[in-house]
Structure formats: C-alpha cells, structure tokens
Amino acid sequence: MAYAQGMSELIENRPERVKLLKGIIQSLHAGAPQEEVRQSLEELVCRTDYSEIMAMEQQLIADGMPVSEILGMCDLHSQVTRDVLVQLAPAPLPAGHPIDTLRRENEALRDAIARLQQMMNRVLEIGNDAGGVPSVLDWRQALNDLQDVDKHYQRKEHLLFTALERHGISGPSKVMWGKHDQIRDLLKDLAAALCQGDVSTAELKLLAATTGAAAASALKEMIYKEEHILFPMCLEKFTAAEWAEIWASSPRYGWCLVEPRQGYQPQFAAAPARGPANEAVAMPTGNLSLEQLTAIFSTLPVDLTFVDADDRVAFFSEGPHRVFARSRAIIGRKVQNCHPPRSVDVVDRILGDFREGRQNVAEFWIQFTGRFVHIRYFAVRGDGGQYLGTLEVTQDIGPLRALEGERRLLAYDAPAPAGIQ
C-alpha cells in the first residue's frame, strides 16, 4: 500500500514524471523491445502531455545524447508515447492566425499524401509484366504538391523554432529540423526516380514500396507531431507580439498549397525608439545618415548577414532579391540554430577557425532554385586583430559567369523603374 501511494505521488509529480519518461525512452535507445517500452509507459506514466514530451527530449540532449541518435529514434518515441499522450482538442483560433494557416496546410498535405498513396497502390496492384503503368502522371502531380511542404517547414524552422529558443526550448526543434531534411531528401529521391524516362513496372513497384512508402509515413508522422506536440507548445508559450512577428515574417517563406485566410488581427509590440533618419553615422572615411546607410545595404547586389563574437545573428541586409529568405525574428538567435543539424559541425568549424585566427575566409558555391550562388564567410576583426564576428556574403553570380568579351559603351540592361524622382 505504501508503495502504491509512493508511486501515485511520483506519477502526479511533473518533474519526476518527465524523469521517468526519459528513463523509459532511454531503455528504448538501449534496445528494449518496442512493446515492452509501450507497456512500461502505460503502467508507470499513465498520462503525459506535449510539454513533457518536449521536456524529455530537451533533457536527453542536455545529458549529452547526440541529436543524431534522437533523430534516428524520434518516430519510435512518437509511436510508443502515443497511447499515453493526452489528446487535447485544437485550440480555437481566428482565421489567418499562423497556426490556423499551418493546420490548413496540414489538411492539404493529408489530401496530397492520400493521392500519392492511392497512385502507388495502383502500381503495386498490377503485375510486373503489365503493358503500362496507370496514373503515373497523377502520381507525379501528388508528389509535386507534397514538395511544396518545404515552405511549411521553412516557416517552422525560421519562425516557430526561433521563438521557442527565446523560451529556452531548442533541443526538440533541432530533432524536428533533422526530420524535415530527411523528408526533403525522400521527396527529392522519389522525384528523381519518377523523372526517369524508361522505368519498368517492377522498378516502380519497388519505388512505391520503399522510398514512396517511407516519404508518406514520415510526412504523416510529422503532421502528428506538429498538431499534438509543437503547435500546443507554441500556443502556450508565445506572446501576442511574437505571433504578430511570426505573421509579419511568414510571407517571406511562402505558403504550402493554401493561402492564409483573413481575420487575424496581429498585436505588434511597440517599436523601439530610433534616432532621426538624417542623423549622421560618423566613420573614418566619411559620414552617412541612417537613411543613406540603410539604402546602401538594400542596393548592394549581395546579401549580407553579420554574426557577432558570441555567435548570435546581429544584422542582415534587406535587398529586393535575397537569395535566402531572412526574417527579423532571427536577430539575437544563435547562428548554429539557424542551420539544419547536419550542417552545424561545418558552421562550428568555420567560427572556431575564425575565432582562433587559423582562417579568415571560407567560400562555397551551389546550385539553388535555378541560380548559381556564391557564399563567402569573412572573419571580421578589430584594429588589434580581435575577433568581432563573421560576415556572410551571398550573391547570385549566374549573370556574371555568363559575361563574355567586353562592354565599353553605355548600355542599360533594364528600363528605369516607374515613379523614380
């Protein structure tokens, strides 16, 4: 009886319940059978909620468990905790609230997943020596719709995750970002395979049973995690001003399959006081007003982002044709958290080499959405050589690579914009 009473007190104690939840999940990582772990959860934890699942993953990372290991097991975490997770009714929200839009996107994604699975099932049902494969064009259309999920994920990564970090929650976001990248890779592999001109029915059946099935499953699992863990956590933690900031920055990343509805009235925080636009900023080589300085940064044919000596994003330029979208929500964010988990090691190596004086420049060039993009990182140092931070300079250099010969006579490549005074 005393044991039962003690166990009852344990179950009612949230920190102890999170600790117990963490221990049971650790046993899953150690190789305990999934059914055994599920039974332990049902007997000892009984009921848990989204905040305890997030706290458990946060503690696992704080204890030193690599994000990659949690990433490899997080779908199992979700599956074994599903029976003990309190299923909350979705909170009512005004039309057009950022979570309202994300939920509606999930509904559209569910439809696209169902269409993809329907097309794949038709392929699986026909014989290997069939004369033709039905509905492959419909299969490709459903896949094209699903690839739009990248916009949905980018808004999560750069807006929701940023705000969660302000509330001390970063570990679960890293795990979820890693799953995003796995889903992106599966969809990319599926698209590449479907674009092949001559694919046999047997090859398509194998594709449907492997990559296609994995992509559909991963997408559905992510929707479940969003709606039962991520969204409730965000709705509990974020202020009205943070939601307004997320709403204002969302169009930079675009919408997934549906457009936001009208109705939400954002409540912005009061803007900080600023000096006069014509107040001069004195520099060794001249003086510029704040208005001039802002306009110069916006006019440069490169995108600039400055990360300070503490690895926090301090500034970015806002040109009209940015290569990579930026939102003001990232100001003050650790730069490591602005990148997917699989690239953080490279980010840390660059910053470490710059900070220690081993290197001053790192550069990359990539193909990105039809553009040839040159990315350079420069160590920024003071007069005494002390490390002040890192400057990222990004430029679409495709037009420059196409130049040939010489141009010695004046010629404009585009007409002057209307309305210039």
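The model is predicted. The chain holds 14 helices and 7 strands. A search of the whole structure finds 2 cavities of 30 Å³ or more, and the largest pocket has a volume of about 1,500 Å³.

**The chain as a whole**

- Of the 421 residues in the chain, 41% are buried.
- Take the contacts with a separation of 6 or more: residues 24 or more positions apart account for 66% of them.

**The largest pocket**

- The volume of the largest pocket is about 1,500 Å³.
- Its lining is made up of 41 residues. Nearest the centre lie Phe324, Cys338, His339, Pro340 and Phe368.
- The helices that give two or more residues are H8, H9 and H13 (344-355). The strands that do so are E3, E5 (361-368), E6 (371-381) and E7 (387-396).
- By class, the lining of the largest pocket has 21 nonpolar, 12 charged and 8 polar residues.

**The largest cavity**

- The largest cavity holds about 170 Å³ of space.
- It is lined by 14 residues, and Glu57, Cys74, Met176, Lys225 and Ile229 are the closest to its centre.
- Two or more lining residues come from each of helix H4 (50-62), helix H5 (67-81), helix H9 (171-194) and helix H10 (201-237).
- The lining of the largest cavity divides into 8 nonpolar, 3 polar and 3 charged residues.

**The second largest cavity**

- This cavity has a volume of about 40 Å³.
- Its lining includes Asn106, Leu109, Val149, His152 and Tyr153. Leu219, Met222, Ile223 and Glu226 also line the second largest cavity.
- Helix H6 (98-125), helix H8 (149-166) and helix H10 each supply at least two of the lining residues.
- Helix H10 gives the most, with 4 residues.
- The classes here are 6 nonpolar, 2 polar and 1 charged.

**Arg184**

- Arg184 sits in helix H9. Helix H9 also gives two or more residues to the lining of the largest pocket and to that of the largest cavity.
- The relative accessible area of Arg184 is 19%, so this residue counts as buried, the cut-off being under 20%.
- Leaving aside residues up to four places away in sequence, Arg184 touches Asp150, Tyr153, Gln154, Glu157 and Trp177.
- One of these contacts, Tyr153, also lines the second largest cavity.

**Asp310**

- Asp310 is placed in the loop between strand E3 (303-308) and strand E4 (313-316). Strand E3 also gives two or more residues to the lining of the largest pocket.
- Asp310 has a relative accessible area of 53%, so this residue counts as exposed, the cut-off being over 50%.
- Asp310 and Gly332 are 22 residues apart in sequence. In space, their C-alpha atoms are 9.7 Å apart.

Conventions. Residues numbered from 1 in each chain as written. Predicted model: local features only at pLDDT ≥ 70, side-chain atom pairs only at ≥ 80, totals over all residues. Heavy atoms only, no water. 1 Å grid on protein atoms, 1.4 Å probe; cavity = no way out; pocket = protein on both sides within 12 Å on 5 of 7 lines; lining within 4 Å. Points joined across faces, edges and corners; volume = space filled by probe spheres on them. Nonpolar A, V, L, I, M, F, W, Y, C, P; charged D, E, K, R; others polar. Buried < 20%, exposed > 50% of the residue type's maximum accessible area, 1.4 Å probe, protein only. Contact = heavy atoms within 4.5 Å.
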